[in-house]
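Have a go at each task before you read its solution.

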Amino acid sequence: SNSFCTLLWRLPLGPQLVGVIMTRMATIQLALAAIVALTAAVAADPMPSFDGMYPPELLADLDSVSRVTNLGTGEVLYANASGHVNIEYGVSMLHDSRFMIGSNSKLYTTVSLYQLQEAGKLNLSSSVTDLLDASDFAKFGYPGQSTWCPQLPGNSTCQTITVHQLLAMSSGLYPALGCSVPPTQPGECNTDLYTASTSSIAAMVGSFINNPMIFVPGTRFVYTNPNFVLASYLVEKFSGMTFAAYIKQHISDVIGQSQTYFDLFDGEMGPMDAGRTTQYYKFYENSTAAGFPRLGYGRLRMELNTGAVSGTGGVVSTAADEALFWRVLFNKTGKGAPLLKDPASQAAILHPWTFTNTIEVTVGVWMYVYYSQGLAIVCVDKGCPAGPHFIFYTGGTFGSTTSNGLAYGAGCNMTMAQFWTSTVQATNSEANFDQFRREQQGRAINAARSWNSDVPEAPTLKWLLMDQYTSCQVGGSRAATTEALKVLARIEKLERS
């Protein structure tokens with residue numbers, strides 16, 4: 001305001017410092033204007049056919065929210081809400097229906113830690129061992145322990161894990177939820193811990209903190225959810241606030257998110273969230289001629305608990321709130337303001353920390369995929385000297401998938417595509433379906449996962465949506481860009497299978 005500007009000139013700051021402050025204030029005003037633009041009313045659009053890649057009957061039976069937003073202008077280019085929040089009670093899906101966003105929660109944890117670093121509370125280059133003391137281990141359930149010595153099996157050397165390595169999935173901690181490598185000790189792969197209420201984030205840290213490591217920190221990429229559970233605890237320790245209170249005060253309230261929250265008790269102590277999606281399995285006869293009739297559907301009875309997965313997967317939000325978060329955080333002019341004060345923080349979040357994949361799009365045209373920090377990025381040159389060309393991430397729980405992608409590179413007009421669904425679809429013969437039910441052996445989740453090879457999936461639909469709206473070019477042509485996005489869809493599907 002004018003009065004604030006007058007006050008600045010009256011303070012003994014000097015014209016140079018005042019100029020810096022005024023420039024930063026202008027940047028923040030631009031960011032806040034971006035927030036206002038994304039709160040405009042959204043019109044409903046029909047679901048695209050996606051060039052006939054998937055049976056229209058299956059697309060029509062998705063419980064989903066999808067949208068495409070130009071994050072540069074805030075214009076919503078496409079928006080669709082289909083199906084139901086709750087089938088039993090006939091509650092329709094809305095544009096602002098809330099989803100458990102799964103691993104998209106990780107970016108909230110990342111931003112929180114960079115804010116705390118900017119405030120001088122900790123250094124993300126520090127060894128995590130140096131950040132923990134006896135009081136922390138008492139909360140973890142180890143009252144006689146005063147220091148952390150992460151070790152490889154059969155090796156007594158204490159390994160050094162930095163906070164950056166936690167965020168970059170290169171710590172060497174065992175992936176106790178993903179279970180993507182053989183256990184190093186009995187019981188180490190235990191997904192059940194993440195489906196039950198937990199007494200605290202610290203208690204979840206205690207379930208894995210003293211397990212053996214699987215590699216030397218910084219030498220490999222392994223997707224490990226405990227990394228971000230421990231990071232969530234660090235947010236609480238160095239802010240002096242609960243994780244829920246911190247992200248509300250320092251993220252949601254700052255940018256105007258009204259539909260985003262974290263609840264350690266997962267609704268068991270109220271208030272009940274009637275707008276949060278119920279998650280379903282839907283089974284269909286695999287018959288094009290018959291029109292893929294639904295054989296049965298059921299509500300999930302085993303789901304990740306928001307408190308147990310905390311900042312690795314427990315945040316609840318809407319597609320619009322998530323688009324707002326990305327617009328502010330990745331704004332090229334604002335450099336993350338007002339969420340971040342230092343442009344170097346945004347640069348670090350988008351840094352290619354851990355290499356994961358190389359993709360040949362067409363002959364001689366390559367893309368390079370990296371895990372940054374709570375995000376994946378795609379670059380057109382090795383090492384990302386020009387920064388990311390695409391930013392993407394998919395949060396998956398047992399029943400919901402929230403997939404986000406942003407065309408970020410030069411000429412890409414900041415197109416963000418999102419496809420979120422609370423449905424897991426699966427196809428098989430009616431005979432096989434009936435036999436599975438008769439035999440009373442196995443779990444519905446295993447049947448759904450093994451029968452879903454030909455159904456529409458949110459990560460793929462996100463890339464196909466982006467292709468319809470972005471001006472991005474890879475390899476010098478739109479045709480090559482289309483092929484690049486289809487390749488990314490196949491790679492993401494393969495990595496999730």
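**Exercise 1. A backbone angle in a loop**

Where is Asp 266 found?

Solution. This is a predicted model. Start with the place: Asp 266 lies in the loop between H10 and E6. Next, check its backbone: Asp 266 is not a glycine, yet its phi is positive, about 50°. To put that in context, most residues other than glycine have a negative phi.

The peptide bond that joins Gly 270 to Pro 271 is cis, with omega about -5°.

**Exercise 2. Another cis bond and another positive phi**

Find which residue is joined to Pro 338 by a cis peptide bond, then decide whether Met 414 counts as buried or exposed.

Solution. Begin with the proline: its cis partner is Ala 337, and omega is about 5°. Pro 338 sits in the loop between helix H12 (319-329) and helix H13 (343-349).

Now turn to Met 414, in the loop between strand E13 (401-407) and strand E14 (415-421). Its phi is positive, near 50°, and it is a residue other than glycine. Buried means under 20% relative accessible area. Met 414 has 12% relative accessibility, so it counts as buried.

**Exercise 3. Helix H4 and its neighbour**

Describe H4: how many of its residues are buried, and at what angle does it pack with H9?

Solution. First, the helix itself. H4 covers residues 106-118, and its 13 residues reach 19 Å from first C-alpha to last, close to the expected 18 Å. After H4 comes Gly 120, with a positive phi near 80°.

Second, its surroundings. H4 is mostly covered, with 11 of 13 residues buried; among them are Tyr 108, Val 111 and Gln 115.

Third, the packing. H4 and helix H9 (residues 226-239) pack at about 35°, and their axes are 10 Å apart. The crossing of H4 past H9 is left-handed. On the H4 side, the residues that meet H9 include Thr 109, Leu 113 and Leu 116, while those of H9 include Phe 228, Leu 234 and Val 235. The residues of this contact comprise seven nonpolar, five polar and one charged.

**Exercise 4. Confidence**

Solution. Take the whole chain first: its average pLDDT is 88, and 90% of the residues score at least 70.

Methods
Residues numbered from 1 in each chain as written. Predicted model: local features only at pLDDT ≥ 70, side-chain atom pairs only at ≥ 80, totals over all residues. Heavy atoms only, no water. Helix = DSSP H or I, 4+ residues; strand = E, 2+ residues; numbered from the N terminus. Expected span 1.5 Å × (residues − 1). Buried < 20%, exposed > 50% of the residue type's maximum accessible area, 1.4 Å probe, protein only. Axes fitted to C-alpha atoms, helices over the stretch in contact; angles between N-to-C directions. Left-handed = near helix turned anticlockwise from the far one by under 90°. Contact = heavy atoms within 4.5 Å. Nonpolar A, V, L, I, M, F, W, Y, C, P; charged D, E, K, R; others polar. pLDDT = per-residue confidence, 0-100.
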